[in-house]
Amino acid sequence: MTTPEVRTRAVRLGPRSLAALCLVSAVGVAGFGWPLFADPTSQVAAHAQDAPWLFAGLLVLLVAVVTATISESGLGPKAVAMLGVLAATGAALRPIGAGTAGIEPMFFLMVLSGRVLGPGFGFVLGSVTMFSSALLTGGVGPWLPFQMLAMGWFTMGAGLLPAPDRMRGRGELALLAAYGFCAAFAYGTVMNLAGWPFMGALASNVAFDPHADVTANLARFLAYCVATSLGWDLGRAVVTVVLTLTLGAPLLKALRRATRRAAFETPVTFAPR
């Protein structure tokens with residue numbers, strides 16, 4: 001039996017899965033950002049309270065991306081098992097801090113997993129982990145598709161960082177820590193945008209104003225983020241950095257060892273007798 005070169009990424013982004021990912025990302029961007037650009041006189045703005053349920057249809061598109069990625073990449077049982085183990089571990093880590101002061105250790109696991117296993121696996125893992133954790137904690141609601149999409153982007157971004165096969169040691173940990181710090185704020189900001197336009201009775205000088213222009217609403221949104229989630233996002237970012245720098249090296253080593261042993265996508269051939 002010959003031993004071909006082991007590939008280090010479990011999920012490839014082929015043409016169909018890449019197209020599906022671009023589609024769901026485009027719909028997701030529209031879902032997150034439509035209030036800033038909607039005509040104040042349009043029926044969309046008038047029915048803002050119904051929008052979260054309408055955009056819950058994103059869940060269907062996310063499932064389509066996951067299905068397309070898995071089917072196109074030809075995932076074997078080992079890759080599916082690793083996906084399940086990492087998703088279950090991430091889901092179990094989420095309730096540890098119950099989100100208190102941004103203590104959410106699952107984010108550091110997503111960063112390291114995305115780095116080792118690539119952007120395709122990262123998007124699938126992030127989405128599945130958030131879905132699993134919602135089932136575990138009872139956090140199922142109209143916000144779930146947005147959380148799945150944002151976490152998919154978060155984890156996929158780690159897989160798009162440069163030099164995944166060459167950079168090692170302190171330089172890699174510093175890169176991952178910096179990404180985790182920035183991405184933790186980005187995740188919180190994106191999730192704020194999902195709920196901010198629907199404050200309704202909580203209207204104030206930081207609430208979305210359907211009659212204001214984009215510049216004014218962006219200023220309101222920035223004030224809303226500072227007033228409501230800056231401390232939370234800072235806690236998430238600091239925890240991600242600390243865990244990455246302290247536990248990142250052994251976990252990266254373990255993930256890479258598991259990936260080599262699984263020999264994802266490696267065809268096995270037998271020499272004739």
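**Figure 1. Buried salt-bridge partners R256 and E172.** In this predicted model, R256 and E172 are both buried. The two residues form a salt bridge in which the closest N and O atoms are 2.5 Å apart. The pair links distant parts of the chain, since R256 belongs to helix α10 and E172 to helix α8, 84 residues apart.

**Figure 2. A salt bridge between R115 and E172.** The side chain of E172 also meets that of R115, with an N to O distance of 2.9 Å. R115 lies in helix α6 and E172 in helix α8, so this pair ties together parts that are 57 residues apart in sequence. R115 has a relative accessible area of 1%, and E172 has one of 2%. Side chains of opposite charge can pair when their charged atoms come close.

**Figure 3. A salt-bridge network with E104, D233 and R236.** These three residues are linked in a network of salt bridges. Within it, the side chains of R236 and D233 meet at 2.8 Å, N to O. Both residues lie in helix α10, 3 residues apart, or about one turn of the helix. R236 and D233 are both buried.

**Figure 4. The largest pocket and its lining.** The pocket has a volume of about 440 Å³. Of its 22 lining residues, R94, W143, Q147, Y187 and M191 lie nearest the centre. Helices α6, α7, α8 and α10 each give two or more residues to the lining, and the largest share, 6 residues, comes from α8. By class, the lining has 11 nonpolar, 7 polar and 4 charged residues.

**Figure 5. Helix α7, residues 144-159**. This helix has 16 residues and reaches 23 Å from its first C-alpha to its last. Of these residues, 15 are buried, so α7 is largely enclosed by the rest of the structure.

Note on methods:
Residues are numbered from 1 along each chain as its sequence is written. This is a predicted model: local features need pLDDT of at least 70, side-chain atom pairs count only at pLDDT 80 or more; totals for chains, interfaces and linings use all residues. Side-chain values use heavy atoms; hydrogens and water are left out. Helices (H or I, at least four residues) and strands (E, at least two) are DSSP runs, numbered from the N terminus. The expected span of a helix is 1.5 Å times one less than its number of residues. Buried means under 20% relative accessible area, exposed over 50%, partly exposed in between (1.4 Å probe, protein chains only). On a 1 Å grid over the protein atoms alone, a cavity is a set of points where a 1.4 Å probe fits but cannot get out, and a pocket is an open set with protein on both sides within 12 Å along at least five of seven lines; lining residues have an atom within 4 Å of a point. Grid points are joined across faces, edges and corners, and a volume is the space filled by probe spheres set on the points. Ala, Val, Leu, Ile, Met, Phe, Trp, Tyr, Cys and Pro count as nonpolar, Asp, Glu, Lys and Arg as charged, and the others, Gly among them, as polar. A salt bridge is a side-chain nitrogen of Lys or Arg within 4 Å of a carboxyl oxygen of Asp or Glu.
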